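Trainee: I have a structure to read and would like to know how to go through it. Could we take it one feature at a time?

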Amino acid sequence: MSYSSEQTRQRIMESAKQEFPEKGFSGASLRSIATMAKAATGALYNYYKNKEELFAVVLKDAADAFFLHVICGDGLRDLQELVAYDVPRNQAEVYMEKLERFRHAGWREIIGH
């Protein structure tokens, strides 16, 4: 992907990250996202099949950032607490594996679609 293409894709993502929270999925418009990104509406289809796919990527990015925070911050604190309270190592490992699996699950699996 060329530098210019990558910049366009990033502008589209940033615009979508504004549009979806402000207007919701139903109210969000690919035309509006393209306009904010200073791209042609057709350019969105070079990167995303449809509005659903773009929305899924926006959600996945947000979920990854959130779970990274949880796993790196809260997850580490929780693990330290488990160890401090003499929880058996295997139970602590199971807990951390569940957090990691949850983080890697796609948003559709998380919300049951």
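**Reading the model, feature by feature**

Mentor: Start with one residue. Serine 15 is in contact with Ile33, Met36 and Ala37, leaving aside its neighbours within four places in sequence. Contact means heavy atoms within 4.5 Å. This is a predicted model: local features need pLDDT of at least 70, side-chain atom pairs count only at pLDDT 80 or more, and totals for chains, interfaces and linings use all residues. Residues are numbered from 1 along each chain as its sequence is written, and side-chain values use heavy atoms, with hydrogens and water left out.

Trainee: Where does serine 15 lie, and is serine 15 buried or exposed?

Mentor: First the scale. Buried means under 20% relative accessible area, exposed over 50%, and partly exposed in between, with a 1.4 Å probe and protein chains only. Serine 15 lies in helix 1. Its relative accessibility is 5%, so serine 15 counts as buried.

Trainee: What lies 2.9 Å from a polar atom of the side chain of serine 15?

Mentor: The backbone oxygen of arginine 11 does. Read that as a polar contact: a pair of N or O atoms within 3.5 Å; within protein, one must be able to donate a hydrogen and the other to accept it, and residues adjacent in sequence count only if both atoms are side-chain atoms.

Trainee: How many helices and strands does the chain have?

Mentor: Helices (H or I, at least four residues) and strands (E, at least two) are DSSP runs, numbered from the N terminus. This chain has six helices and zero strands. Along the sequence the pattern is α-α-α-α-α-α. Of its 113 residues, 27% count as buried.

Trainee: How do I read a nonpolar core, and which residues have the most contacts inside the largest one?

Mentor: In soluble globular proteins, nonpolar side chains tend to be buried together. A nonpolar core is a set of buried Ala, Val, Leu, Ile, Met, Phe, Trp, Tyr and Cys residues joined through side-chain atoms within 4.5 Å. Here the largest has 16 residues, and those with the most contacts inside it are Ile12, Ala16, Phe20, Ile33, Leu44, Leu54 and Val58. Two or more residues come from each of helix 1 (3-27), helix 2 (30-36), helix 3 (41-47) and helix 4 (51-84). Helix 1 gives the most, with four residues.

Trainee: What is isoleucine 33 in contact with?

Mentor: Leave aside neighbours within four places in sequence. Isoleucine 33 is then in contact with Ile12, Ser15, Ala16, Glu19, Phe20, Leu44 and Leu54.

Trainee: Glutamate 19 is on that list. Is glutamate 19 buried or exposed?

Mentor: Glutamate 19 is buried, with a relative accessible area of 1%. This residue is found in helix 1. Not counting residues up to four places away, glutamate 19 touches Gly24, Gly27, Ala28, Ser29, Ser32, Ile33 and Met36.

Trainee: How do I read aromatic pairs, and how many does a search of the whole structure find?

Mentor: Rings of Phe, Tyr and Trp (its six-membered ring) pair if their centres lie within 6.5 Å; planes under 30 degrees apart count as stacked, over 60 as edge-to-face and the rest as tilted. The search finds four pairs. Phenylalanine 20 and phenylalanine 25 have ring centres 6.2 Å apart and planes at 5°, so the pair is stacked. Tyrosine 47 and tyrosine 48 form a tilted pair, 6.5 Å centre to centre with 50° between the planes. Ring pairs also link Phe20, Phe25 and Phe55 into a cluster.

Trainee: What lies over the face of phenylalanine 25?

Mentor: A charge sits over a ring if NZ of Lys or CZ of Arg is within 6 Å of the ring centre and within 35 degrees of the ring normal. Lysine 51 lies over this face, at 4.7 Å from the ring centre. Phenylalanine 25 is partly exposed, at 29% relative accessible area.
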